[in-house]
Amino acid sequence: MKHKTSMSIAIVGSGGAGSITAGNLLLEAAARSGSYGILTRSVGPQIRGGEAAALIRLSSEPIDSFGDSYDILLALDWKNADRFAAELPMGPHGLIITDPEQGAIPAVIAGSMAQVRELPIGKLAKSVTKGRPNMIALGVLAEILSIPPEAIQAVLTKQLGDKGEQVLQSSMDTVTAGMAAARDFAKQPLPKTDDSGSGRWLVTGNQATGLGAVRAGIRFVAAYPITPATEVLEWLATALQKVGGKLVQAEDELASVNMIIGASYGGIPSLTATSGPGLSLMMEGLGLAVSAEVPIVVVDVMRVGPSTGIATKAEQSDLNIAVYGFHGDAPHLVLAPVSITDCLFTAQWSVYLAEAMQVPAILLSDQFLGQAMSIIDPPAAVNFKATRNIAQHSDGEYLRYADTESGVSPMAIPGTPGLQYTADGLEHAMTGTPSTKAEDHALQMDKRQRKIDNFDYGDYWAEVEGSGEFAVITWGSTTGAVREALRRLRAEGIDDIRMVAMRLLAPAQPEKFRHTMAGVRKALVIEQSHSGQFYHYLRAHYDLPGEPEQFHRAGPLLLRPGETTNQIKIWRQA
Amino acid sequence: MNQMVDISATTPRNPADYRSKVQPIWCPGCGDYSVLMEITKAMAALELSPEQVAIVSGIGCSSRIPAYSNCYGFHGIHGRALPLATGLKVARPELTVICTGGDGDGFSIGGNHFLHACRRNVDITYIVMDNQVYGMTKGQASPTTEPNWDSVLTPGGTGIRPFQPLVIALASGANFVARAFAGDPEGTTQIIIAGIKHPGFSFIQVLSPCVTFRPEQREWRNQVRPAPVPTTADPSVAAKRIMTDDGFNLGILYQGDRPAYKSGLIASSMQADELSQEFLV
C-alpha cells in the first residue's frame, strides 16, 4: 500500500460520548510517534448533548489546514450526524467504522463510496470493567495506524493519571480490547517523520497567542468571555499568575477595552481578547486609545458573522471593521497570523508595535487558528519586547503630545512628578489640553498618522513564498490551504506561482507590496468571506497587476487544499 | 468611624496647588465649580502629591474636571469612566484614583459599570455631580430627572420614574454611600476626604445645580439638610432610610467594612519563556 503523506480521521458522536477526548489522546499519541497534525472540534452550540466530532489530520510534514476528505470515519453514534455531514466528505477509499447497535449509517454519509466495517463498539466496551466506547475507538484507530501501545499508555498516563490507577487501568484495558478487535483491519500506516517528534509542541493558536503576548510583556488583561476567544483569556489567567500580572473579569466588552486603556495609561502593557460581537462593542474604546495615544492590543478570534452568526466556526469577515470600523480618521494597527505557529510571533510583534508607537493594535486570529490543536515545530524565539518611550522629566512645560519627528512622543506614567497631564479623547493641543483649533487638529492628525507610516516594519509585513509571473494573495487562516495547494502544484511541476500572505493589514504597505509583486502578471485573491472583504481592501490600497480575480466564500466550511489547488489551476490556465 | 479633618488648618498643601491653568467651560453659577474646589481642598487636607493622584472621567459637563486639576487625568469616553479607573487602579494600586462624572454618564450610558464597580469594590472614589439633566447637549432628561419635567426631546416629560442612585449603589454592594451638596463646601469636602480614605469603592452623589437648564435647582440650597441620623453600617437600616428620604439628606448614609478588591499585579520571578514547557510533546 502506498504511504500517504497525510491522512484524515473523524471520530463522531453526540456530546458527552467522548469523541473529542479520544481524538485528543490519538493526536498526542501520534505526536509522540513522530507525526505532525491538527485536531479541530466540530461542536454545536449546545454545551451537552449536541453533536461533537474530533476532526483529525495527521501528516509527515507541518500542516495548517484540513485535508480534502476523510480516510477513516469512526462513529460512536450517529445522533445529530446530519449537522456536521457537510464537514465530513469521505474519500473514495475511505473507511467507515460503525456500531450496528447505533442503527443505520445516515443517508448523507452512506451515500459516499466508502467501505463500511461494522464493529460492536458498545458491546466491546461493556466487556471491560468501566470500559467506555471512546477508548475502544482509540484502540481501533491505534491498531489501524500501527501506533505502538506504549505511546497510548504514555498519553493515557499523562492525561488521566490524576484520576487514579483504576481509571487509568480500565482505560488501557479498553484500548487494548479495541486494538484486539481491529487486528484484521487493513493497516494504514501513520504518516510521520523518521524522528520521534520530541521537542515539538502540541498547542492551539489561542494558547500561542497568549504566550506571544506574555513574552512581549503583557501583564494586565481584562476579560469578557466569548467563543471562540475565551481560551486566550483562560490561558492568560493562569499564565499571569505564574509570571506575574493581573487579569480582571470585566462586566462587558465596553468595560474590558476601557480597563486595558486605564491600565496601559498607568504604564502596564495590556491586552484583551474577544470575537466579532465584542469587537463591535469595543470600537469606541479603540478610538479613544488612538486619540489618547495609549497602547493596547485587542485580539479578535474571528467567527462567522454578522451579529451572533455561528460562534463555533471560522470566517475572515471582521477585516472591514478592524480596518475601517472607527469613526473619524484613526490610524491604528491591524495584524493577522498566517498559521497556528505564527499566532505566537504575530501576537508578540503586535504588542511590541503597539507599545513602540503608542497605538491600539487589533490582532485578527480566527476560530480555526485559535481552537485547532496542532503539532508544530517549536516556533523560533524572537526578541520583541514591549518598549515604550517613557518621559522621565521635562525642561519646561511637559508636552505629552509633542510634535516629534517620528510622531511618537515620550509618555509620562502617573506617579512621575512634574509631568502631570490629562489624556483625552477630545482633540487636544500638544499639552493634552482640549482644543478645537484647526491647526491643533491638523498637527495631531499628522503626528498620529506619521508614527505608524514611518515605522520600520521590516520584512514581517507579509510571508512571501515562491516566484514567477503568477501571485496568489491571501491572509490569515486561508494561508494554510494556499500554501499546501502551491506545494502540490510544485510537486506537479508548476512552480511559477508566488504566495503573498499578509501579516500587517494596517497600515497598508503599498511600496513593499509593489517590490514583492515585481514581475507578476496575474493575481488571484483567496479569502474566507462572502463579500470578498480582502479583495476590496487590496483594490483600495494596492496596485494589483492585470485583472485580479478572486476565490472566496463565507464560512463555516473552510477552504480545503484540494479545491484551492483546482481554483488556482483554473485561474492560471485562463 | 470617620475622623473629621480640620480643613482650615494649615497644611503643606494649598488647594490652589491642585488646579491647572485651564479655564473651565462651565456656565457661571454651575455647581461643578464648587465641587472642583471641594475636591482640591480634600486633596490638600490629605496632603496628597498631585502626581500620585489620577482623576478619571467620562463625558459631560462635570467630566471636564480632570483637565482642571494639576493631577494626572484621563478624560475618556461617555459612560466608561469607571472601567477606565478600574484598570488604572488595579494595575497601579499605589495611586489615589478619583472618578468623576455626571448623572447621565454614570447612571444611563454607564449604568452597567456603576453596578459592577459597586460590586467589585476596587478602591476608587466615585463622585457623581448630579444635576438631573444632560447639560452639555442643552437640556434633556437624565435618569434622575423627574418624570414630568418638560424638554424639547421629551415634551411633557419622560413619564419614567427617576433612577435612585444611592439605593442602587447599596443594593449592588457599595460599601460607602454618601450624598453631598455642591453649595456645602465644608460638608462636601469632609465627605470626599472620608471617601478617599475609605478602603474600597466609595460612591458620593453630589447635588450640583445646573442653573442654566434647571434654574429651579437654586432652591436646593434651602432644601438640603444634614441627615438627622448618624452613619450606619447596617445595610437594612441604610436601605430603609435612603429609600424613604426626600433626596436632600446629606452625609455618609452607609459605610460598611467589606474588604476591598485586591488590586495590584502579582509579583513573580518566573520568566515568560518557561511557560512554553507545557506545550512540549
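# Exercises on a predicted two-chain model

The C-alpha centres of domain 2 of chain A and domain 3 of chain A lie 25 Å apart, the domain bounds coming from an automatic or database domain assignment. This is a predicted model, in which local features need pLDDT of at least 70 and side-chain atom pairs count only at pLDDT 80 or more, while totals for chains, interfaces and linings use all residues. Residues are numbered from 1 along each chain as its sequence is written, and chains are lettered from A and ligands numbered from 1 in the order in which they are written.

**Exercise 1.** Describe the contact between domain 2 and domain 3 of chain A.

Begin with the bounds: chain A is divided into domain 1 (6-181), domain 2 (202-376) and domain 3 (462-573). Next, take the contact itself, to which domain 2 of chain A gives 23 residues and domain 3 of chain A gives 24 residues; two residues are in contact if their C-beta atoms, placed from the backbone, lie within 7 Å. On the side of domain 2 of chain A that touches domain 3 of chain A, at least two residues each are supplied by helix 12 (319-324), strand 12 (333-335), strand 13 (360-366) and helix 14 (367-371) of chain A, where helices (H or I, at least four residues) and strands (E, at least two) are DSSP runs numbered from the N terminus. Finally, sort that side by class, which gives 14 nonpolar, six polar and three charged residues; Ala, Val, Leu, Ile, Met, Phe, Trp, Tyr, Cys and Pro count as nonpolar, Asp, Glu, Lys and Arg as charged, and the others, Gly among them, as polar.

**Exercise 2.** Work out the strand order of the open sheet of five strands in chain A, and explain what is left at its edges.

The order is 16-18-17-20-21 (chain A), with mixed pairing, and two strands pair if DSSP finds at least two bridges between them. Strand 16 (462-465) and strand 21 (549-552) of chain A are the edge strands, each with a single partner strand, so one side of each has no neighbour in the sheet. From one strand to the next the twist averages 20 degrees. Looking at one pair, strand 16 of chain A and strand 18 (residues 497-502) of chain A are antiparallel over four bridges, and Ala462(A) has Met502(A) as its bridge partner in strand 18 of chain A. Helix 19 (residues 561-573) of chain A packs on the sheet, touching strand 17 (470-475), strand 18, strand 20 (522-527) and strand 21 of chain A, and its direction makes about 155 degrees with that of strand 20 of chain A; axes are lines fitted to C-alpha atoms, for helices over the stretch in contact, and angles run from 0 to 180 degrees between N-to-C directions.

**Exercise 3.** Find how chain A and chain B meet.

The contact takes 53 residues from chain A and 41 residues from chain B. On the side of chain A that touches chain B, helix 10 (residues 253-265) of chain A gives the most, with nine residues, and by class that side has 28 nonpolar, 15 polar and 10 charged residues.

**Exercise 4.** Decide whether Ala194(B) is buried or exposed.

Ala194(B) is found in helix 7 (residues 185-197) of chain B. It has 24 other C-beta atoms within 10 Å and is therefore buried, the cut-offs being 20 or more such atoms for buried, 12 or fewer for exposed, and partly exposed in between, with C-beta atoms placed from the backbone.
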